[in-house]
Amino acid sequence: MALSRVCGARAALWGSAVALGPFVTRRLQLGRSGPAWRAPRSSRLHLSPKADVKNLISYVVTKTRAINGTYHRFLGHHFPRFYALYTVFMKGIQMLWADGKKARRIKANMWKHNVKFHQLSYREMEHLRQFRRDATKCLFIGIISIPPFTNYLVFLLMYLFPRQLLVKHFWTPKQQIDFLDIYHSLRKQSHSEIITHLERASALVSDERLRWHLKDLCTKVQNGAHPTAHDILALRECFSTWPLGLNQLQALHMRALSRAMLLTPYLPPALLRWRLKSHTTVIHQLDRALAKLGVGQLTAQEVKSACYLRGLNSTHIADDRCRTWLGEWLQISCSLKAIPGAATRKGHSIHLREHRRLWQDKTNSSNSETGDISWHTQTVGS
């Protein structure tokens with residue numbers, strides 16, 4: 001009996017201690033702080049914080065990918081047309097971002113090694129040139145989106161007018177072909193106007209031999225003949241002085257040239273002349289870099305892009321024919337380095353290249369059968 005009473009008293013004492021546990025624990029911690037009063041640590045607390053963060057990030061990324069895949073399947077099943085546009089838009093953003101990173105890397109290398117634009121390789125020069133045009137169009141979209149609530153209108157305009165407002169990264173494969181055909185048709189509309197200006201200016205050429213040769217060449221092109229590289233290079237002196245020098249061209253003539261090069265013609269004459277100079281200088285620098293690299297080193301898409309930039313609608317032409325055309329172009333362009341007096345003045349030369357007969361352009365509306373005349377204004381620097 002006495003033993004049971006002692007055990008009961010001890011149990012009551014421990015029970016009261018447990019009931020007053022939080023208060024007693026705080027009093028004890030305030031009175032004696034030390035390792036003996038700390039709770040035992042769990043084994044998880046000994047893990048590295050970096051490992052915990054890495055595991056958390058991996059978990060979030062995995063869940064995000066799973067949710068994103070489910071969302072894509074839902075859109076593809078219920079809204080197929082919208083999903084196609086959504087896919088093109090997301091891929092366009094990724095490609096544009098990648099182009100921006102590459103352009104930034106090229107510019108950083110230029111600043112680090114003190115390299116000029118014309119000293120870059122062909123692919124780097126072409127990438128910077130194209131990214132500048134794309135960034136300009138994107139900058140315009142960003143500016144008109146600044147006012148409040150106009151971003152919704154901008155999305156609608158981008159959907160209705162993708163050719164005018166979006167860069168090629170956001171075009172569907174079919175749109176890329178259709179839009180390039182549209183741009184080339186706009187470019188061809190100025191060819192006859194340029195020939196008219198050449199015929200009028202030919203009467204003002206002081207050299208009788210050059211005057212006759214220029215009139216004869218214009219007549220051949222109008223009749224559908226194919227001018228050779230020798231015929232074109234024989235006229236390069238005409239475009240170094242008055243009346244066909246770039247500094248002496250009339251405003252209407254420069255606007256026609258700007259439309260032929262897909263440049264904005266609605267600018268003052270001084271800005272038109274400056275844009276023609278800068279644009280043709282870049283093309284001439286690209287030609288030199290491409291001649292150094294070799295046409296055979298380019299991929300099929302790079303060849304088609306290079307031909308289209310220089311005036312040939314290469315979307316419906318075979319790769320081998322595009323390479324032949326581009327090789328002939330480089331032969332003419334690189335020969336401009338031998339222009340007399342190029343060290344002391346800058347001139348320009350208009351190159352007439354005909355892919356098919358001109359009368360086929362006027363009678364046949366099919367893009368694969370129509371011809372084109374590529375007009376190239378080359379600025380020859382000192």
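Here is a quick tour of a predicted model, going from the whole chain down to a few single residues.

## The chain as a whole

Of its 382 residues, 35% count as buried.

## Helix α8

Helix α8 covers residues 173–188, which is 16 residues. From its first C-alpha to its last it reaches 23 Å, close to the 22 Å expected at 1.5 Å a residue.

Which of its residues are buried? They are Phe 179, Asp 181, Tyr 183, His 184, Arg 187 and Lys 188. For reading that list, keep the helix repeat in mind: with 3.6 residues a turn, residues three or four places apart in an α-helix point the same way.

## The second largest pocket

The second largest pocket holds about 540 Å³ of space. It is lined by 14 residues, and those closest to its centre are Leu 85, Tyr 86, Phe 89, Met 158 and Tyr 159.

Where does the lining come from? Helices α4 (80–113) and α6 (151–160) each put in at least two residues, and α4 has the largest share, with six. By type, the lining splits into eleven nonpolar residues, two polar and one charged.

## His 127 in helix α5

His 127 sits in helix α5, which runs over residues 122–144. Is His 127 buried or exposed? Its relative accessibility is 13%, so it counts as buried, the cut-off being under 20%.

Setting aside residues up to four places away in sequence, His 127 touches Asp 99, Lys 102, Ala 103 and Ile 106.

Arg 275 belongs to helix α13 (residues 269–293). It has a relative accessible area of 25%, which makes it partly exposed. Apart from neighbours within four places in sequence, Arg 275 is in contact with Leu 263, Thr 264 and Leu 267. Thr 264 is eleven residues away along the chain, and the C-alpha atoms of Arg 275 and Thr 264 are 9.0 Å apart.

Gly 327 is found in helix α15 (residues 319–334). At 29% relative accessibility, Gly 327 is partly exposed too. Gly 327 and Gly 294 are separated by 33 residues in sequence, yet their C-alpha atoms are 8.9 Å apart in space.

## Two loop residues with positive phi

Most residues other than glycine have a negative phi. Which residues go the other way here? One of them is Asn 114, with a positive phi of about 55° even though it is not a glycine. Asn 114 lies in the loop between α4 and α5, and its relative accessibility of 60% means that it counts as exposed.

Leu 262 also has a positive phi, about 60°, without being a glycine. You'll find Leu 262 in the loop between α12 (251–260) and α13. With a relative accessible area of 29%, Leu 262 counts as partly exposed.

Terms used:
Residues numbered from 1 in each chain as written. Predicted model: local features only at pLDDT ≥ 70, side-chain atom pairs only at ≥ 80, totals over all residues. Heavy atoms only, no water. Helix = DSSP H or I, 4+ residues; strand = E, 2+ residues; numbered from the N terminus. Expected span 1.5 Å × (residues − 1). Buried < 20%, exposed > 50% of the residue type's maximum accessible area, 1.4 Å probe, protein only. Contact = heavy atoms within 4.5 Å. 1 Å grid on protein atoms, 1.4 Å probe; cavity = no way out; pocket = protein on both sides within 12 Å on 5 of 7 lines; lining within 4 Å. Points joined across faces, edges and corners; volume = space filled by probe spheres on them. Nonpolar A, V, L, I, M, F, W, Y, C, P; charged D, E, K, R; others polar.
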